[in-house]
Amino acid sequence: MASESQVFQFFNLQASFSSRASLLSASSSGQNITTSHLNGSSSKMYSTSCETLSEDSPKDKPISDMLIDSFGRLHTYLRISLTERCNLRCHYCMPAEGVELTPSPQLLSQDEIVRLASLFVSSGVNKIRLTGGEPTIRKDIEELCLQLSSLKGLKTLAMTTNGITLGKKLPKLKDSGLNLVNISLDTLVPAKFEFMTRRKGHQRVMESIDAAVELGYNPVKVNCVVMRGFNDDEICDFVELTRKRPINVRFIEFMPFDGNVWNVKKLVPYAEMLDKVGKQYTGLLRIQDHPTETAKNFRIDGHQGSVSFITSMTEHFCAGCNRLRLLADGNFKVCLFGPSEVSLRDPLRLGEGDDKLREIIGAAVKRKKASHAGMFDIAKTPNRPMIHIGG
């Protein structure tokens, strides 16, 4: 485990990040980024386009008005948290003292999850991502994937996982219809992994990444939350994972949630991360993204994989947001950073039909704001710990 001095250093960082996080927008189509673009104090940024899209609408069935908010954004992506439990204790996800878990009878059952998912898919949702907690610790995870992947109109069934138990379960999960996987890994150093997660298991996560590649997942997405003084020195080491394998490394700005001791001094902004990669690798090419994409995506000449940056704090992508969240306790959340929630579990258990549920969902979607409040206001706004919301 990490020493007390390491813990003290991590949680008492005095570094300040570069003012280069003031971003310049440019066209995102096919532009090379070389060192000459990246030196000095004005890094050139390439913004993800954010706009409403008629092309998001499935052509073979009507879209329910419940998925369209007051700004015209169409929500076709549902993230479902399957559990609040996890086999790791990551600093940015869970407070050191742990969290109070929702009693099991108050969590959605498998049948309730499938019922609500079916309602969303029949209304126009075409992508579902399973999150947690850690979704693979559910005993019924394979059966749940099989039922969800069978929903007519669903195109993508994805999962975000810490990878601890994924390797041995992935073959059956793939057979059950899981066709996209994101594996969370914040360090390539086993000792730092143990410090960050308060658990052992680094090798098992690496083996899960290997298993996903071998099973033909392409890309295998690796999520890395970058924190100053902890793993910002590993950015280019992570990029190396993309050289010979179809791995998409996704660098995520550190975000505030209840209990994770967020501090702006720990934030490594997109501008700084991009500078670091651009100075190390020539032939960094911006990929033109879908308007609802959360990440800014790049290819590197000679690399089979790709790298991405999720810039929730310094350059949000709210205008193109198409995501909704169903929490493990049945609460429905329209914004990751917003405190507002409404229960779908309660009316479901009271026997309400689909029309009433659609009314409740639609009203919540219509109340969705244009954008989140900004990182400093988010840090002061009460919200749940990430373990409750779902990654």
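With which residue does Asp 354 form a salt bridge? The partner is Arg 115, and the closest N and O atoms are 3.0 Å apart. A salt bridge here is a side-chain nitrogen of Lys or Arg within 4 Å of a carboxyl oxygen of Asp or Glu. Asp 354 sits in helix α11 (residues 354-366) and Arg 115 in helix α3 (residues 110-123), 239 residues apart.

Before the rest, the ground rules. This is a predicted model, in which local features need pLDDT of at least 70 and side-chain atom pairs count only at pLDDT 80 or more, while totals for chains, interfaces and linings use all residues. Residues are numbered from 1 along each chain as its sequence is written, and side-chain values use heavy atoms, with hydrogens and water left out.

Over the whole structure, the search finds 17 salt bridges. Another one joins Lys 192 and Glu 234, at 2.8 Å from N to O. Lys 192 belongs to helix α6 (residues 190-197) and Glu 234 to the loop between β6 (220-226) and α8 (235-239), so the pair ties together parts 42 residues apart in sequence. Helices (H or I, at least four residues) and strands (E, at least two) are DSSP runs, numbered from the N terminus. Lys 192 and Glu 234 are both buried, buried meaning under 20% relative accessible area, exposed over 50% and partly exposed in between, with a 1.4 Å probe and protein chains only. Asp 233 joins Lys 192 and Glu 234 in a network of salt bridges.

Arg 138 and Asp 140 also pair, again with 2.8 Å from N to O; Arg 138 and Asp 140 are buried.
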